[in-house]
Amino acid sequence: MNTNNVVADPAFERWAKCLSNQLWRLEHLYWIENKAGQLQRFKLNRAQRRLHSNLWYRNDILKARQLGISTYAAMLMLDMILFRANFHCGIIDKSLPDAQQKLAKLLFAWEHLDYLPVNPSPLDVALARLGSHLKRHSGVEKKGEWHPCASARTHLALSNGSDVRVGTNLRGGTMQFLHVSELAHVSVHAPWRARDIRTGAINTVPPEGFIIKESTHEGGRFGVNYELTRQAMDNAGKEVLSPLDFRFFFFSWFDQLEYALSAKGRWSAELNDYFSKLEAESGIFLSDDQKRWYARMARVMGSAMKQEYPSTPMEAFSVGEEGSIYGASLMKLREEGKIGLDFPTEVDSPIFTAWDLGLSDHTAIWLVQVVGGSIHWLDFYAANQEPLAHFAEKMKQWECELGCRITAHLLPHDAAKRDAHGVSYVENLAKLGIYNVRVVPRTTDIWQGINSLRELLEHSYFHARTLEKCHNRFGEPEPSGVEHLEMYHTRPPGASGVLSESPVHDVHSHSADAARTFAEAWSHHLLLQDSLKQKPRRARMWH
């Protein structure tokens with residue numbers, strides 16, 4: 001619908017100037033439910049106003065929780081389909097109910113265009129009459145995937161040919177406006193779908209279209225969401241952006257004025273150091289009320305505070321998964337300067353590889369050396385859907401770089417199983433020239449192996465190569481070996497029907513399981529315990 005259709009009515013001619021201003025329309029025509037469940041006319045808060053003032057064709061938003069960015073996107077989308085004919089929009093979220101909830105916000109605002117509050121002012125009356133006129137001219141068409149319950153609909157169409165579709169991925173057709181919400185969550189929990197959103201849905205939007213990608217971040221420095229956000233951050237240094245470049249926005253928790261608590265009470269010395277560091281390193285000066293709010297929220301959120309309410313973008317990226325199994329051990333090693341070292345390999349100390357096997361899944365391999373009473377993690381490699389010969393060649397490459405033979409290749413118990421042709425994984429490796437293989441017996445309790453690895457981590461050092469990212473078959477960077485270990489986590493009891501705390505099987509578990517293979521080999525005395533007492537005699541730098 002064009003604004004001319006409305007102002008052609010003499011009763012609305014005086015609204016012509018107002019209706020030509022999108023900001024005026026956003027703050028006068030649409031009603032929402034606030035956090036208290038009360039109806040209020042939509043007004044842009046500080047974060048929403050900054051986004052609207054600097055909105056680009058493609059927008060990448062890293063944010064704290066509950067800043068109203070999704071609500072802003074819903075109202076903007078409603079405004080665009082009301083005042084533009086044949087304008088097609090899409091909403092993608094981490095789950096279908098979440099996407100439907102955003103569509104329900106949009107429909108709620110359309111249904112309340114003619115809402116008249118109790119004890120209305122003359123302006124309220126005039127705006128309700130204008131809203132009634134807009135509703136009559138737009139009209140929601142009950143076609144497509146219509147559902148009588150607003151929160152269960154997947155498609156909303158207006159009589160002017162404009163519409164909104166929702167889903168967990170939208171590949172078909174062309175959209176002029178796409179809202180992608182919580183891609184970080186999808187990147188961690190369903191990385192294949194995140195890749196599909198990037199290659200499919202985002203590509204359905206033409207250069208002159210609009211994209212709002214907004215998310216709180218999780219998963220550290222890897223995944224589709226991280227890669228897209230980092231690209232947008234790099235664009236911040238460009239003087240001119242093309243319509244295909246994403247513009248970066250960061251909205252911290254202190255961008256929300258209501259995140260302040262005027263009450264008595266102080267905060268811990270640890271938090272005081274944190275606030276002082278924000279001032280010194282980032283120029284962020286918080287009021288006592290803001291510090292008090294942050295301190296109270298941190299009690300509730302615990303380790304998730306910096307993920308849900310980051311103060312800086314780097315802070316959001318540095319947070320690992322909640323429930324990290326090895327996170328505390330690795331954090332301690334980082335503090336002690338034992339991660340990211342460039343130490344020499346000891347040619348007289350045994351060197352092992354430790355594997356987690358996959359067929360159509362990931363195969364992950366650690367290269368580890370035992371030096372005296374210390375464990376040196378030299379390198380890490382992972383690949384997906386590659387033949388066995390690919391990994392055999394990688395072993396030979398490592399030996400060439402080391403200048404010596406690998407003492408033993410440690411494989412999990414299933415390597416001894418025979419395939420349909422009666423040949424085991426071990427025998428297939430032998431055909432490819434990898435003979436020195438030891439199969440690690442199965443440990444019935446996974447936590448036994450996890451605790452064995454935790455003990456070894458206390459005596460571990462990680463080479464800088466274990467921080468280098470691998471690349472998948474699409475050429476996309478994936479987490480480093482250390483990052484995989486940091487983000488290997490548990491799912492709490494009661495989540496998704498889980499009866500007891502258990503490790504999550506995801507993209508991080510393969511690398512963690514490979515490291516656990518090494519620890520279980522240690523506990524089963526498969527690492528030649530006598531050799532552990534040798535003192536290093538000659539060192540060789542590994543280039």
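## Empty space inside the model

A cavity is a set of points, on a 1 Å grid over the protein atoms alone, where a 1.4 Å probe fits but cannot get out, and its lining residues have an atom within 4 Å of a point. Rolling a probe the size of a water molecule over the atoms shows where empty space is left. The structure here is a predicted model, in which local features need pLDDT of at least 70 and side-chain atom pairs count only at pLDDT 80 or more, while totals for chains, interfaces and linings use all residues. Residues are numbered from 1 along each chain as its sequence is written, and side-chain values use heavy atoms, with hydrogens and water left out.

## Two cavities

Searching the whole structure turns up 2 cavities of 30 Å³ or more. Volume here is the space filled by probe spheres set on the grid points, which are joined across faces, edges and corners. The second largest cavity holds about 30 Å³, and its lining is made of Asp60, Ile61, Leu62, Lys213, Ser215, Thr216, His217, Asn225 and Thr229. Strand 3 (58-63) gives the largest share, 3 residues, and strand 9 (210-215) and helix 10 (223-235) each supply at least two. Helices (H or I, at least four residues) and strands (E, at least two) are DSSP runs numbered from the N terminus. By class, this lining has 2 nonpolar, 5 polar and 2 charged residues; Ala, Val, Leu, Ile, Met, Phe, Trp, Tyr, Cys and Pro count as nonpolar, Asp, Glu, Lys and Arg as charged, and the others, Gly among them, as polar.

The largest cavity has about 40 Å³ of space. Among the residues around it are His28, Trp31, Arg41, Tyr115 and Asp124. Helix 7 (residues 122-138) provides the largest share of this lining, 3 residues, and the classes come to 6 nonpolar, 1 polar and 2 charged.

## An open pocket

Now to a pocket, an open set of points with protein on both sides within 12 Å along at least five of seven lines. The second largest pocket has a volume of about 980 Å³. Its lining counts 34 residues, of which Lys35, Gln66, Gly68, Thr71 and Lys105 are closest to the centre. Elements giving two or more residues are strand 1 (31-33), helix 4 (46-53), helix 5 (69-83) and helix 6 (96-111). Helix 6 contributes the largest share, 6 residues. The lining divides into 15 charged, 11 polar and 8 nonpolar residues.

## A look at His189

His189 belongs to helix 8 (residues 183-189).
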